[in-house]
Amino acid sequence: IHDSLPGPLPSGTVVGNNILDLLGHFNLTGTLIPIEEYKTGEVNRHRFVIVLGVDDRDPRYPANLLADIRNTSVPVFWILRHLDELLTDPQMVSKLGFRPRPGVLDGYQSVTYQGISLLKNDPLLFPLEILDAAKVQVVATAEGPGKKSQPFVVRAGSFWYCADSPFSYTVEGDRYLAFCDLLHDFFKIPHQQERKALLRIEDVSVDDDPDQLRELADYLYDRHIPFQVSFYPIFRDPATNEEIYLTDRPQFARLVRYMVSKGALIVLHGVTHQYRGRSGDDYEFWDAYSDKPVQGDSQALVEQRLRLGLEECFKNGIYPVTWETPHYMASEVDYRTIARYFNSSWDRVASVNDAESGHFFPYPTVDRFGRFIIPECLGFISQEKPDPGILVANAGRLRAVRDGVASFFFHPFM
């Protein structure tokens, strides 16, 4: 249930769809309801309720919603703002044993969970007053100026509260990981601890250096490291009128098959990985200049491109086993169409049709389009700051998630 007022990019919808995409990890599905559409009794018609108090304006919470939450035995996870509306009832305050304090704290830039320090790029925090420590479990704390510590996530019976939005300014290694892990406890689905990792070689195409790729495949094979190759079969550069199909470079097709023999799995990373620009630099299913879907976006257009790419792979003896959306951005129509051709995707997923709304997952899940999502949650080694230590540090933070997958990628020219 979210409280976003109408606007160009409602935070409740963005965050709500992120949560819907996380539910697949637990074999759950959900419904996203704005507070103004809430109907009496809906809380008790669901197994779990998450309230997203993420709008910083002044939405009016319906009395029937507040009454249903006060009286329910269904587990509730309230996030961020407007908890004071629920706690105007003294009996509810007594039941929970905590309440919000006035004001907002600043300077809180890390969260401690399970003994692990997680990043917090949004330094704001809503302060809490613990009235009855016997009723309240402080699950995670936020660390601020002068080594001050404040409750970040608290639990009172089946009622949970987060004093910040874990979806705000989220980065790899963020306190978002604590929320993702706590969903196991909130849903009472305690997955076993498991440590896995994935390594992906990114943006491989026919214009790459085959000797470098062969050397890289041998390096990984000799160290018994399985790997994945993110590949697109057609290279285009409109600035030079260059267009190269995989079929035009049979020696490169042999190189890709060689990498498979050394343990690679092929990920189809688009068909040309470009819309108007150069392959690899541009999107394919998104117009970067106007920040909207490409002109003529439709199921038919996406299917035409997918068939072209798959046929080019198949006739060269290359068989992609999963999909990766170029630059992790496509429209909802595109996602649904891709799901008809690939039952899995190695992706970050956009919450809405906006390039700034993408989110990552620390573990495998099934997104709201029915695709099994292979997670990528550590990012990549960048050309501007080629420091693998950043990835290693964030992999350490990922240990906060009991079944997190340390998944990252790098470009072969790095």
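Helix H8 covers residues 299–314, which makes 16 residues. The model is a predicted one, and the values given here are computed from it.

An α-helix has 3.6 residues a turn, so residues three or four places apart point the same way.

Cys313 counts as buried because its relative accessibility is 0%, under the cut-off of 20%. The structure holds 0 disulfides. Cys377 is accordingly in no disulfide, and the nearest cysteine sulfur, that of Cys180, is 9.4 Å away. Cys377 also counts as buried, because its relative accessibility is 2%.

The next part to look at is a sheet. In it, 7 strands stand in the order E1-E2-E9-E8-E7-E4-E5; the sheet is open and its pairing is mixed. Strand E1 (49–53) and strand E5 (116–119) are at the edges, and each has a single partner strand, so one side of each is left without a neighbour in the sheet. From one strand to the next, the twist averages 25°. Helix H5 (residues 176–186) packs on this sheet and touches E1, E2 (76–80), E4 (110–113), E5, E7 (137–143), E8 and E9. The direction of H5 makes about 165° with that of E2.

E1 and E2 run parallel and are joined by 5 bridges. Gly53 stands opposite Leu80 in E2. E2 is mostly covered, with 5 of its 5 residues buried. Further along the sheet, E8 (residues 149–156) and E9 (residues 159–162) pair in the antiparallel sense over 4 bridges. Here Val153 has Cys162 in E9 as its bridge partner.

Val111 has Ala142 in E7 as its bridge partner. E4 also pairs with E5, in the antiparallel sense and over 4 bridges. In that pair, the bridge partner of Ser110 is Leu119 in E5. E4 and E5 form a hairpin with 2 residues between them, and Gln114 in the turn has a positive phi of about 55°. In a regular strand the side chains alternate between the two faces of the sheet.

The largest one has 115 residues, of which Trp78, Phe98, Phe159 and Ile201 touch the most other members. H5, the helix that packs on the sheet, gives this core its largest share, 8 residues. Phe98 shows what such a position looks like. Leaving aside residues up to four places away in sequence, Phe98 touches Leu83, Leu87, Val93, Leu128, Glu129, Ile130, Leu131, Val136, Val154, Ala156, Phe159 and Tyr161.

Notes. Residues are numbered from 1 along each chain as its sequence is written. This is a predicted model: local features need pLDDT of at least 70, side-chain atom pairs count only at pLDDT 80 or more; totals for chains, interfaces and linings use all residues. Side-chain values use heavy atoms; hydrogens and water are left out. The expected span of a helix is 1.5 Å times one less than its number of residues. A disulfide is a pair of cysteine sulfur atoms within 2.5 Å. Buried means under 20% relative accessible area, exposed over 50%, partly exposed in between (1.4 Å probe, protein chains only). Two strands pair if DSSP finds at least two bridges between them. Axes are lines fitted to C-alpha atoms, for helices over the stretch in contact, and angles run from 0 to 180 degrees between N-to-C directions. Contact means heavy atoms within 4.5 Å. A nonpolar core is a set of buried Ala, Val, Leu, Ile, Met, Phe, Trp, Tyr and Cys residues joined through side-chain atoms within 4.5 Å.
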